[in-house]
Amino acid sequence: MFQDRNAHIGDLVIPSVDVARGSATEPSAIPGLRDSSNVAQIVETYAADSAQKVFLDIFDAWDTTDYLPALLRRLKETGIDLLVSVGHGLLPSVAHLEKLLDVGADVVSVSTSMVENPQTIEEAVREFGGQWLMGVINSKKTHAGSWEVHVHDGEQRAGVTAEAMARRFADLHVGAILANSIDREGTGQGFDLDLTRTLVEASRLPVIASGGCGNLQHLRDALREGRATYVLLNKVVHDGKHSIAEIRDYLLADSMYRPGQ
């Protein structure tokens, strides 16, 4: 699912779709959509535009996601890999993980549950293996120069550093870590490259840079200076500013992403 840099030359970019009550939380400006809030249409467009992975951030609580199995089955028909988060990274039980995997999820992300109920995550790893999980670290910079993890959609401080959380995820051998800077979200100022580098060094896992992308240069910076393996995108593609194919070609034009180099 998550590979090294040389093995995924065309697989660097992961678009994200925020979902509530079965629809995109904000209408998309992607050209050609019949319904700008239709999640399936948005993801199908990304898949047709060469995206190989998509992150579905389901804001709804688990008990209000009856629509999710049918949606995941439809999206799976596109051939795209589905990274799924429900209820801001909550995983109530191993059975909930199994249900998502059965209907098409390739990876299920965990964040809040890793802080509040780590025994469930550990049990899931024992039963299924860490490769089916992605650790999400939502963090804010502290005055001391480190980063503190926040849970419940960034609303609550977890009392643990991002570095420590990255090491916990590494011990569980999860597939990857999503390094999200709450400070940078929606700013368009670029990713927090120090955060990304720090979590790469702490975990030795593939790290996905998230939070703050405003232009194509920011993507290259995350992959170069930030040492990220992937980049997560939301507004820059959801608003129709750039296509996935355009971004892919921009990154592939850089010699560091050419096979054999």
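I started with helix H8 (residues 216-224) and helix H10 (residues 244-252), which pack at an angle of about 50 degrees with their axes 10 Å apart. Axes here are lines fitted to C-alpha atoms, for helices over the stretch in contact, and angles run from 0 to 180 degrees between N-to-C directions. Helices are DSSP runs of H or I, at least four residues, and strands are runs of E, at least two, numbered from the N terminus. The angle makes H8 oblique to H10 (under 35 degrees is roughly parallel, over 145 roughly antiparallel, 65 to 115 roughly perpendicular, the rest oblique).

Next I listed who touches whom: Leu216, Gln217, Leu219, Arg220 and Leu223 in H8 meet Glu246, Ile247, Tyr250 and Leu251 in H10, where contact means heavy atoms within 4.5 Å.

The model is predicted, with local features needing pLDDT of at least 70 and side-chain atom pairs 80 or more, while totals for chains, interfaces and linings use all residues. Residues are numbered from 1 along each chain as its sequence is written, and side-chain values use heavy atoms, leaving out hydrogens and water.

Then I checked His238, which is found in helix H9 (residues 235-238). Buried or exposed? His238 counts as buried, at 7% relative accessibility (buried is under 20% relative accessible area, exposed over 50%, partly exposed in between, with a 1.4 Å probe and protein chains only). Beyond its neighbours within four places in sequence, I found His238 in contact with residues including Ala24, Pro27, Ile42 and Tyr46.

Last, confidence: the chain averages a pLDDT of 92 (the predictor's confidence in each residue, from 0 to 100).
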